[in-house]
Amino acid sequence: MLKVFNTDAISRNSRFLRGLVAGSITALVLAIVYGLLSSIIIVEFSIAFIGIGYCIGMAIQRFGRGVKIEFSIMGAVLTLVSIVLADLIRYFGVSTVLTFSVNTEMILFYLRSILKTDIRPLLSLAFRVGGIYAGYIYSRIV
């Protein structure tokens, strides 16, 4: 009897690991690019958060090729990390964030700037949530 093996097939764990690596690299690059761009121009592009979530989700979908809910959760978490990292780079600079010298006063300043009750921070928060949702939706094959 002839047995045919699919040598190109990858296991579930390796698909998850490939998706995690691709999503993490994409999240880090997009966070640095958005943080630097918005700190140089001094304008916040809130609509870009949806694009960040979409790009992270598509990287996970392309390299992970997963159909389970874990891929969607990974996309949402990586998008959240990317958005927070991008905001910290925007406010405090790359050297402060990448050397992990962010203290509690900086975190409180960041939280106060996001959680204000006027319309601009609320719309910005809505775009951040939309980006996380995009990362959740596009991370797996449905």
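Guide: A helix is here a DSSP run of H or I of at least four residues, numbered from the N terminus. Please keep in mind throughout that this is a predicted model.

Visitor: In which helix is the place of R112, and does R112 count as buried or exposed?

Guide: R112 belongs to helix α5. Exposed means over 50% relative accessible area, and because R112 has 55% relative accessibility, the class it falls into is exposed.

Visitor: How many Å does helix α6 reach from its first C-alpha to its last?

Guide: Helix α6 covers residues 119–137, which is 19 residues. At 1.5 Å a residue a span of 27 Å is expected, and the computed reach is close to that, at 27 Å.

Visitor: Why are the buried residues of α6 on the same side?

Guide: The buried residues of α6 are P121, S124, R128, G131, A134 and G135. Around the axis they cover an arc of only 135°, so they lie on the same side of α6. The face turned away from that buried side carries the exposed residues I119, V129 and Y133, while what covers the buried residues includes α2, α3 and α5.

Visitor: What is the orientation of α2 to α6, and is their crossing left-handed or right-handed?

Guide: The axes of α2 and α6 come within 7 Å and cross at roughly 15°. Because angles under 35 degrees count as roughly parallel, α2 is roughly parallel to α6. In this pairing F49, I50, G53, Y54 and G57 of α2 meet F127, R128, G130, G131, A134 and G135 of α6, and the crossing is right-handed.

Definitions and conventions. Residues numbered from 1 in each chain as written. Predicted model: local features only at pLDDT ≥ 70, side-chain atom pairs only at ≥ 80, totals over all residues. Heavy atoms only, no water. Helix = DSSP H or I, 4+ residues; strand = E, 2+ residues; numbered from the N terminus. Expected span 1.5 Å × (residues − 1). Buried < 20%, exposed > 50% of the residue type's maximum accessible area, 1.4 Å probe, protein only. Arc of directions from axis to C-beta. Contact = heavy atoms within 4.5 Å. Axes fitted to C-alpha atoms, helices over the stretch in contact; angles between N-to-C directions. Parallel < 35°, antiparallel > 145°, perpendicular 65-115°, else oblique. Left-handed = near helix turned anticlockwise from the far one by under 90°.
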